[in-house]
Amino acid sequence: MISFLRQLASLRLTLLGMILLAVLAVIGSRDADIGTGITVVPLVILIANLLAAILTNRSFRTQTGLLVFHIGLLLVFVCIGLTLLLRYDGHVEILQGGAFDAGLVETVEQGRWHDNRLGNIELYQGEVRVNYLPGLNRQDTRSMIEYRAASGELRHITVGDTQAANIDGYRFAATFNKGYALLLQWTGADGRELLGAVHMPSFPSFDWKQVTTWTTPAGQDIELELKFDQRVSDDRADWSFGRTDLPFSVHFTPAGEIQRSIRSGESVQLAGGRVNVVDLRVWMAYQIEYLPFLPWMFVAAMLAIIGLTLHFARRVLPASAPLGSRAEEDDYGHIARA
């Protein structure tokens, strides 16, 4: 058993694990289908290698700093591996006045061991304000949300550039991506009524082209264009995104037909029914992350740094003389201790 552990603690295996970790990390970061979860394999190798080294290397028993460093490094690798297996990364757009819908979340990456609990989250989007400096340079973001905590109470929080919402272990962070949405009411030829929102492209990034495609409940493809009466000027110093009382018109262009323009509160007849422009809203995009071992990874890294500091301090700093000793020099320059 000891012989096997010594072979497992080989520095050659350490080098192999490091090289394999670097190669797979690059491959996983460039190929979304593979993902960074593939790096769990070399992490397991490095964890086993470090654990074997701690158990078999006698020098660790006399050099406390070196032992603490390797334990910290071992815990860092363990935290990275667990993070890759349990992590979640996704993004979602939430309509002002609307509720968070887990079915609309676009998953970027999900660990193999992740237990997706997004469907249990109750969250509502409130007012959004994004302030801009001259030249349409974003200054700050203030997005008001309401969510139900584990205790059952509804809590209010303002999410911004430096403030995120932590709900059931998930971190909801506001992104730079936001825009306007048209609240439309559909009345079918059969009398059926539906109310829904169509998200327009990001604003003001694409203020010059607020165009998207919408498929009506009757199955007809419509090109929708949101047209504000006045464009945002780059020279304005007090402009903020979030106002919904702006005068606008909506252009409906069915495939192969002429364009029809209406304003808020008006309706237009389309194939299979009639659509009414009810209101103008805003939508806010959030990045959703689940990284439960990230704080512990920081603690483990600090432990490794402390251990390495102690190890080098012991080797560099001279050993102090024992208490109560006195050094004297004789006529020949020799040191004699009393």
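Here is a chat about the overall fold and a few residues.

Me: What kind of model is this, and how are residues numbered?
Reply: This is a predicted model, where local features need pLDDT of at least 70, side-chain atom pairs count only at pLDDT 80 or more, and totals for chains, interfaces and linings use all residues. Residues are numbered from 1 along each chain as its sequence is written, and side-chain values use heavy atoms, leaving out hydrogens and water.

Me: Thanks! How many helices and strands does the protein chain have?
Reply: The protein chain has 6 helices and 17 strands. Both are DSSP runs numbered from the N terminus: helices are H or I with at least four residues, strands are E with at least two.

Me: And what are its overall dimensions?
Reply: Along its principal axes, the C-alpha trace spans about 110 × 50 × 40 Å. The radius of gyration of the protein chain is 31 Å, while a compact globule of 338 residues would have one near 20 Å. That radius is taken over C-alpha atoms, and the globule rule is 2.2 Å times the number of residues to the power 0.38.

Me: How much of the protein chain is buried?
Reply: Of its 338 residues, 38% count as buried. Buried means under 20% relative accessible area, exposed over 50%, and partly exposed in between, using a 1.4 Å probe and protein chains only.

Me: Let's pick a residue. Where is H251?
Reply: H251 sits in strand 12, which covers residues 248-254. H251 is buried because its relative accessible area is 13%.

Me: What does the side chain of H251 make a polar contact with?
Reply: With the side chain of S261, at 2.5 Å. A polar contact is a pair of N or O atoms within 3.5 Å; within protein, one must be able to donate a hydrogen and the other to accept it, and residues adjacent in sequence count only if both atoms are side-chain atoms.

Me: Switching topic, is D207 in a strand or a loop?
Reply: D207 lies in the loop between strand 8 (193-202) and strand 9 (211-215). Its side chain and that of R231 are joined by a polar contact of 3.1 Å.

Me: Why does D207 count as buried?
Reply: Because its relative accessibility is 16%.

Me: Last one: what does A173 touch?
Reply: A173, in strand 7 (residues 170-188), touches V159, A164, A285, Y286 and Q287, not counting residues up to four places away in sequence. Contact means heavy atoms within 4.5 Å.
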